[in-house]
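Welcome, and please have a look at the model shown here before reading on. The notes after it are meant to be followed with the structure open beside you.

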Amino acid sequence: MDLQLIWFILLGVLLSGYAVLDGFDLGVGALHLFAKGDQQRRLMINSIGPVWDGNEVWLVTGGGALFAAFPDVYATLASGFYLAVFLLIFSLIFRAIAIEFRSKQPWAFWRQSWDVAFCVASILSAFLFGVVIGNLIWGIPLGADREFQGTFWGLLHPYALLTGLTVLSVCMMHGAIYIVMKTEGEFHAMARGWVKNTIIFFVIMYGILTMATLLYAPHMVEKLKACPLLFLVPVLNLLSIANVPREIHHKRDFLAFLSSSAAIVLLMFLFGLGIFPNLVLSNPNPQLSLTIYNASSSIKTLQTMLTIAMIGMPLVLAYTISIYFIFRGKVKLDEHSY
Amino acid sequence: MDILLLSRIQFTLTVMFHYIYPPLSIGLGLIILIMESMYMLTRNPLYHQMTKFWVKIFGLIFAIGVATGIVMEFEFGTNWSTYSRYVGDVFGSALAAEGVFAFFLESGFLAILLFGWDKVTPLMHWVSALLVCFGAHFSAVWIVVANSWMQTPAGYHIVGEGMHARAEITDFWAMVFNPSSMQRLSHVLSAAWLTGAFLVLSISAYYLLKKQHIDFAKASMKVALTVALFACAAQLLTGRISAEGVALHQPTKLAAMEGHFAPNAVADFYLFGLVDEKNAQVTGPKIPGMVSFFIHGNFDTPVRGLGSFEKKDRPPVAITFYAYHLMLMIGILLVMMIAVGLVLLATGRLFETRWYLSVLVPSVLLPQFANQLGWFAAEVGRQPWIVYGLLRTSEGLSRAIKADVVWISLIMFTLIYLLLFVLFIFLLDHKIKLGPKGIALETQKQRA
């Protein structure tokens, strides 16, 4: 296995980690306005209180790893998706400060405003991630100089809007399950209803997206055709999605959460498998695509980075697991809460 | 306005605003660690209360630091994508190391610091304070290393030509320990301690003036004054070493900092002065030959001035000169303030000397100004290069963006950051007025 492939996989691991972890807290944000009254909304925010910024570090590190391992991809995407990137960053800023500021004043209008900011920013973040994914699948116009040649509005084509909504729906389902897992009593019962609705939303989006991909982006399934064994992946993906309502029905909330996490990881895997070896597909001139080979850093840097990852990632996993372990169980409001 | 200028304004605005917060979290992280250590050693509840209060302040600062920091990471790509392609092989690894080694540590254990009081043992809580402090310091390590590589590139070679040229790493450790990284890192870190210490001094002085939370304020002030003493000694030392490094590796920057125009003459040190870039002169009181002495240990040795460099390779002199000199003046002022504070403390009058306390309250701004000015001198003094001697700032710009989108993002940033800053000051003020005893009160109100 060559270093470029290793880094493609590692990048996939980092971004899948981000999708699973920030996925639920974006979802909690997207559902925030469905929670009624200050008590419930505080429970929503405090359920992700100790973990949300750690979750976001997966994105920061993923971005850093992309910059280091595939500088051309980082440069082309960030400058090409200029307005989308800043819109995403503004959303992430508003999410962060809404969480931090909301509890600092008791006034109703203050809290209401931050509630709206938190919810809108979460929806927009999840949606924009989906739009980026959609464009990577669809391909974007690239020049021979590796620069993006399209426009901001050109990024918002129907397929990208579809992936945007799909990502939003999977985050909402994931977030709803997380809330079920972290709450008790009346609120917990209400959140169970959210799980049902969001699963329906997700399954519909998933179905439409699958059809659209098969019809309009068939290159995404070429590898599945070439190696029938890989067909197991979408099958497992479907099974893990189908398993979610089953576990919820049996009140095994943690298993439901694991199941939806597995569904997200498998979706990311299918996405990676589909675009490989391209990182940025050029549409209409596929020969100008940025691949893991023509856009990578030097072997020396990839090696150094691999050493950094081998030392760093076990530590990161250890921190992440211990933080989640320490804050396990149902969320309780106390004097330190938001 | 052209797209280059707009992008530079946007980067300046976003990095300046971001840099209000990280020095505070580094400095406060250290102070919190000291306070919690003192609690662990003495079990005095006062130190426990102090830790709790300052952790709350830390949480607010950290949140904005993170939110504005993500911007920086992606802005290299959005506005400076040609630069990113050119340096990604070198610069990217430092940035990725920062994420892996610093941010995960800091954000993970901050959760325990903020919310874990009843969930972990006191020892584990103390360990979290230690790791958050480490994390904050590590983040400075990697970003200053990356920036120092842009000042004094090392451990790389250039591959390809023309549009496809880029820097590739040849020696990772030579890149990390490039000639300026350690001296600049130590200067940045000790400045951050000073920044944190003056926040604590300012708030404590405010309480003493208001005759509130007296014991809390006195104890906090002692800790902060001690940190400030060490930080300011380190500042003087590392400042001197950094200036020597600049003289050795970035002669155009040094000449601009000192306003030294003559091609090859004895360099004087201006205490302050007016820069006239057109006529290539500075007017103001000066110590003749002092810069020569500073660099060569001899008042008569000539130093290369701006005149010996082509016009297109010179940085803007006035901004660099004023920023550097103002930073120095603030530094000297801070040293004097700390000295006075220590004398007052030693003679037992510190907590009753109202004029001194009144001076301390607004002095929280001084290290902040010095930080910004120091970075101005460092970054403007590096111009016209984005990577010193290798790549010009104008060559680093993204090719895929147009001026109109940069206008949009610049206006958005200005509005959002104004809002953020007003809210930050408002909430900080609110927290300060509630005070350490307000922690419990605040939550009772929320529950009601």
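What follows is a short tour of a predicted model, taken topic by topic.

## Where chain A meets chain B

Let us start with the contact between the chains. Chain A brings 56 residues to it, and chain B brings 62 residues. On the side of chain A that touches chain B, the elements that give two or more residues are α3 (52-69), α4 (71-80), α5 (82-102) and α12 (299-326) of chain A. By class, this side of chain A holds 32 nonpolar, 15 polar and nine charged residues.

## A bent helix in chain A

Helix α1 of chain A covers residues 3-31 and is worth a moment of your time. Its 29 residues, at 1.5 Å a residue, should span 42 Å, and the end C-alpha atoms are 41 Å apart, so the two values agree. If you follow α1(A) along its length, you will find a bend of about 35 degrees at D22(A).

Chain B is divided into domain 1 (1-180 + 386-448) and domain 2 (187-249 + 251-381). The C-alpha centres of these two domains of chain B lie 22 Å apart.

Where they meet, 25 residues of domain 1 of chain B are in contact with 29 residues of domain 2 of chain B. On the domain 1 side, the elements giving two or more residues are α2 (22-42), α3 (45-79) and α5 (122-151) of chain B. The largest share of that side, nine residues, comes from α2(B). Sorted by class, the domain 1 side has 18 nonpolar residues, six polar and one charged.

## The largest nonpolar core

In soluble globular proteins, nonpolar side chains tend to be buried together. In this model, the largest nonpolar core has 255 residues. Those with the most contacts inside this core are A176(A), I177(A), I31(B), A197(B), L201(B), A224(B) and A228(B). Helix α4 (residues 81-115) of chain B gives the most to the core, with 22 residues. Domain 1 and domain 2 of chain B both give residues to this core, so the core lies between them.

Leaving out residues up to four places away in sequence, L201(B) touches M221(B), A224(B), L225(B), A228(B) and L360(B).

Note on methods: Residues numbered from 1 in each chain as written. Chains lettered and ligands numbered in written order. Predicted model: local features only at pLDDT ≥ 70, side-chain atom pairs only at ≥ 80, totals over all residues. Contact = placed C-beta atoms within 7 Å. Helix = DSSP H or I, 4+ residues; strand = E, 2+ residues; numbered from the N terminus. Nonpolar A, V, L, I, M, F, W, Y, C, P; charged D, E, K, R; others polar. Expected span 1.5 Å × (residues − 1). Bend = angle between axes of the 7 residues up to and from the residue. Core = buried A, V, L, I, M, F, W, Y, C linked by C-beta atoms within 7 Å. Buried ≥ 20, exposed ≤ 12 C-beta atoms within 10 Å, placed from the backbone. Domains from an automatic or database assignment.
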